[in-house]
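Here is a short briefing to read alongside the model. Keep the viewer open and follow the topics one by one.

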Amino acid sequence: MSHLLFVETTGLGVQALAHAKRRGHTVTYLHCPLYDFTAPPAQRSQAIQLADHTASFTDPLDGEAVYGALLASGADPGSVDAVLSTLSYGAQAAADLAARIGARGTSPGGTLAARDKGECRRILRERGVPSVGFQVVTDAAQALEAAETIGYPVIVKPVLGIGKAVTSIARDPSAVRAHFAAAAADRDQLAEGMARQLDERYLVEELVSGDLYSVEVAASEGHLVPLVCASRKVSVENPVLELGCTVPSGLPAADEAALGRYAVGVCRALGLDLGIFHVEVMHTPSGFRLIEVNPRLTGGSLPDTISSVAGVDVFALLADLFLGAPLPGGPLPLRGSASHSFLAAHEKSTVPARLPGDWFAPFLARLHSGYVRVKAGDVVPPMRTNFDSFGMLRALASTPAEAEAACSAVKTDIEALFGFALLAERTRTPAPVA
Ligand SMILES: Nc1ncnc2c1ncn2[C@@H]1O[C@H](COP(=O)(O)OP(=O)(O)OP(=O)(O)O)[C@@H](O)[C@H]1O
Ligand SMILES: [Mg+2]
């Protein structure tokens, strides 16, 4: 039997701990209360209950604190076989801790190269992997110069950004100035755990247009495999905001294979060597262009959307991979299509005061799965980051388009019931009018 150490987990990632326990492995879970906002309390408690050893640390960027938590948990560092995190905010701490105690883990250098979006683009440029124009800046004056050189429109995002923190599309210099004028206030509004990970650097990069996809790339023992490609739904009004995913991607087979090869090339260039990595890619008229790489399995609801049609539990696959299981030979075969959509408000809104306690039940009956986190009379925020959505709808069907339509139909009916605008989603950019 083996010993698997988790440095934080997403809510859904608790399934990886549960799988390891079912297999008879020892599980240590190191918990950081700064990230409690990323999962419902019940899931966090479940992780703590499942673990054989557990302790808390205060800051994932403080390697001594994370190592101290391992010692405090009572686990013997020498008995740990592998260390991982399913939560973005814990990825670097997990990689660093694995290296420190001599356990299996993702390369710390590869993890940093993915997290640091400027370094990531620099490496891709050096390796000749197609990417977008970019510059790293620290203030508005530098950003304005960078935008002039790159050409408008640009996107301005924190070099270490996660979850859409302080990210703006700028179509002219006034929008660049507005981004920096609002940046301090925007950072103040973030959950402390989100703000803590940022530094003063921003990336100004070419805004590319097209359809957004993601690829989960699995890596082990020098091999890399594109496990599954998803198409991603974005807000019609603000395409920075993501509103769900569909698998399979809906791309023609040859394009999907090319997307998989591109994502594998990106992970290889960065030195991502063990784990499952989430690669976001825009399909532009000139080809595939990286948006970003997360050095961990996809977050949000996508793991369960994949599992629902792949016939395997992706968290089981992840845990086994870290413990030395061989890579799947190729992309996961999918039986059918699955799509999920998030519920999020356009502006601060109030859920009607007169709704029955089980108002969601008839909607859920039309879906494969889903949840809501609001009840009658609740006030919901406008969506600014990934953590502002308040529900998820998931449908299964025989084609991606049908699964998407089933989600949209329920979303439209919930919008009518609520009487306020939900953020509208799109998967594919509309074809230009001839
Ligand atoms: N260069 C670009 N061109 C076009 N769109 C972009 C570009 N960079 C980012 N975006 C859009 O903005 C979104 C957020 O960017 P990015 O993924 O880098 O931020 P993030 O905060 O790390 O997001 P998350 O952690 O939620 O994945 C992307 O999903 C994409 O829709
Ligand atoms: Mg992203």
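Helix α4 (residues 91–101) is mostly covered, with 8 of its 11 residues buried; buried means under 20% relative accessible area, exposed over 50% and partly exposed in between, with a 1.4 Å probe and protein chains only. Helices (H or I, at least four residues) and strands (E, at least two) are DSSP runs, numbered from the N terminus. This is a predicted model, in which local features need pLDDT of at least 70 and side-chain atom pairs count only at pLDDT 80 or more, while totals for chains, interfaces and linings use all residues; side-chain values use heavy atoms, leaving out hydrogens and water. Residues are numbered from 1 along each chain as its sequence is written, and chains are lettered from A and ligands numbered from 1 in the order in which they are written.

**Helix α4**
- The buried residues of α4 are Ala-91, Gln-92, Ala-93, Ala-94, Ala-95, Leu-97, Ala-98 and Ile-101.
- They pack against β1 (3–7), β2 (26–31), α3 (63–72), β4 (82–84) and α5 (108–115), where a contact means heavy atoms within 4.5 Å.
- Gly-102 follows α4 and has a positive phi, near 70°.

**The magnesium site**
- Glu-280 (OE) and Glu-292 (OE) coordinate the magnesium ion (ligand 2) at 1.9 to 2.1 Å. Donors are N, O and S atoms within 2.8 Å of the metal (3.2 Å for Na, K and Ca); water is not among the atoms, so sites may look incomplete.
- Glu-280 lies in strand β12 (residues 275–284) and Glu-292 in strand β13 (residues 287–294), so the pair ties together parts that are 12 residues apart in sequence.
- Glu-280 is buried at a relative accessible area of 6%, and Glu-292 also counts as buried, at 13%.

**Phe-360**
- Look for Phe-360 in the loop between β15 (349–350) and α13 (361–364).
- Phe-360 is buried, with 8% relative accessible area.
- Leaving aside residues up to four places away in sequence, Phe-360 touches Gly-370, Tyr-371, Val-372, Met-392, Leu-393 and Ile-414.
- The C-alpha atoms of Phe-360 and Glu-206 are 41 Å apart, and the two residues are 154 apart along the chain.

**The whole protein**
- There are 14 helices and 19 strands in the protein.
- The C-alpha atoms fill a box of roughly 60 × 55 × 45 Å, taken along the principal axes.
- Of the 434 residues, 56% count as buried.
- Among contacts between residues at least 6 apart in sequence, 69% join residues at least 24 apart.
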